[in-house]
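This report goes through one protein model, region by region. Please keep the sequence and the 3D view open while reading.

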Amino acid sequence: MQVKLLSGALGAEIRGVSLKDTSEKNFGVINNLLLEHKVIFFRNQNISPEEQLALAAHFGPIERHAYVKGLDQYPEIVRIIKKPNEKNQWGENWHSDVSYNLKPTKAVILKSIKIPPVGGDTMFANMELAWETIDEKIKDKIKDKKALHSSLGAEFFVDNYEGMEGNGNHEEYSNEHPIVRTHPDTGKKILFVNWTYTKNIVGMDKKESDEILNKIFKHQARLDLTCRFQWTENAVAIWDNRSVQHYAIADFFPGRGLGYERIMDRIAIQGDSPH
Ligand code: SIN
């Protein structure tokens, strides 16, 4: 097995591990790599939907997306489609998946099906390092506080994108979570707010809450906390959604990335209540 680190902050590309091997032993190796690097990448993994589902099942129960319709044959798989002439794509801002749920996603397994010749890389940021490196004055203000996270409704996930199909649900969801959560497996502290879904700090007036959250969001996006993955077809990313945020870069411009489809198959695993 070879492990190539993607940056000094997080992320590793793994060679010599087959994701077709769904044994407990292979899962143990993958899970240890995930806990260590927070997001791991595998290339040339021609796994079937059944194999992707079998790998996901090792992590825990599979989560259904609140707004997006899954594939007819595999309802747990959300196909993320950016049509050739769309500029925008799903996930194009910093976020951790479904942080507005009572139990936000534990991990995600994303497989590339079709990739443009250029554009559409995904970035990840290490929220354990974000907590360690944030200003002490901000730490003091937020360490025992909760924040409100809200979903942005079906429009945000479906209507804004030509290729995405809704499941008919239009409810909105909100939940409060500790701003600093503890990772259930590693015991590490994690800065758990994000630009996309976190709306305010509970019990703080709006002006101060906005000011602090804006400082946090800027800090979380510091480039030295990130890594960037350039996709090829049949690549797989697995990320620990409790300790990273991600950003699918929509850099599709005329004469370059625009004019090509980007298709990914996503499976999410249910998490627990942050504490
Ligand atoms: C997502 O935000 O889950 C999508 C990431 C990607 O398509 O790169």
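Strand E8 (residues 146–150) and E12 run antiparallel and are joined by three bridges. Within this pair, Ala-147 has Ile-201 of E12 opposite. The model is predicted, and local features are described where pLDDT is at least 70.

E8 and E12 belong to an open sheet of three strands, ordered E9-E8-E12, with antiparallel pairing. Strand E9 (174–178) and strand E12 (198–201) are the edge strands, each pairing on one side only. On average, neighbouring strands of this sheet are turned by 30 degrees against each other, direction ignored.

## The sheet E13-E7-E15

Another open sheet of three strands has the order E13-E7-E15, and the pairing is antiparallel. Strand E13 (226–229) and E15 have a single partner strand each, so one side of each edge strand is left without a neighbour in the sheet. Neighbouring strands here are turned by 20 degrees against each other on average, with direction ignored.

Four bridges pair strand E7 (residues 122–126) with E13 in the antiparallel sense. Phe-124 stands opposite Cys-227 in E13. E7 also pairs with E15, again in the antiparallel sense, over five bridges. In that pairing, Ala-125 has Gln-245 of E15 opposite.

How many residues of E15 are buried? Five of its five residues are, and the strand is mostly covered. Val-244, His-246 and Ala-248 lie on one side, Gln-245 and Tyr-247 on the other, and both faces are covered.

## The ligand and its shell

Which residues surround the ligand? They are Ile-80, Trp-90, Gly-91, Asp-97, Leu-110, Thr-122, His-246, Ala-248, Met-264 and Arg-266. Strand E15 (244–248) and strand E16 (262–269) are the elements that give two or more residues to this shell. By residue class, the shell holds five nonpolar, three polar and two charged residues.

Two of the shell residues, His-246 and Ala-248, sit on one side of E15 together with Val-244. Ile-80, also in the shell, is part of the covered face of strand E5 (residues 78–82), along with Val-78 and Lys-82. The uncovered face of E5 carries Arg-79 and Ile-81. E5 and E16 run antiparallel and are joined by five bridges. Arg-266 of E16 stands opposite Val-78, and Arg-266 is itself one of the residues around the ligand.

## The nonpolar core

The largest nonpolar core has 63 residues. Those that touch the most other members are Ile-109, Phe-124, Met-127, Leu-191, Ala-237, Ile-238 and Trp-239. Apart from neighbours within four places in sequence, Ile-238 is in contact with Leu-34, Ile-40, Ala-107 and Ile-109. Phe-124, named in the core list, is the residue that stands opposite Cys-227 in E13.

## Two buried positions

Leu-129 is placed in helix H3 (residues 127–133). Leu-129 counts as buried because 23 other C-beta atoms lie within 10 Å, where the cut-off is 20 or more. Beyond four places in sequence, the contacts of Leu-129 are Ala-9 and Leu-225. Leu-129 and Ala-235 are 106 residues apart in sequence, and their C-alpha atoms are 26 Å apart in space.

Ser-112 is found in strand E6 (residues 107–114). Is Ser-112 buried or exposed? Ser-112 is buried, with 22 other C-beta atoms within 10 Å. Leaving out neighbours within four places in sequence, Ser-112 is in contact with Trp-231, Thr-232, Glu-233, Asn-234, Ala-235 and Met-264. Met-264 also belongs to the shell around the ligand. From Ser-112 to Glu-51, the separation is 61 residues in sequence and 14 Å in space, C-alpha to C-alpha.

## Two asparagines with positive phi

Most residues other than glycine have a negative phi. Asn-44 has a positive value, near 50 degrees. Asn-44 is placed in the loop between strand E3 (39–42) and helix H2 (49–59). With 11 other C-beta atoms within 10 Å, Asn-44 is exposed.

Asn-234 also has a positive phi, near 65 degrees. The loop that holds Asn-234 runs between E13 and strand E14 (236–240). Asn-234 counts as partly exposed, with 15 C-beta neighbours inside 10 Å.

Notes. Residues numbered from 1 in each chain as written. Predicted model: local features only at pLDDT ≥ 70, side-chain atom pairs only at ≥ 80, totals over all residues. Near = placed C-beta within 6 Å. Nonpolar A, V, L, I, M, F, W, Y, C, P; charged D, E, K, R; others polar. Buried ≥ 20, exposed ≤ 12 C-beta atoms within 10 Å, placed from the backbone. Pairing = 2+ DSSP bridges. Core = buried A, V, L, I, M, F, W, Y, C linked by C-beta atoms within 7 Å. Contact = placed C-beta atoms within 7 Å. Axes fitted to C-alpha atoms, helices over the stretch in contact; angles between N-to-C directions.
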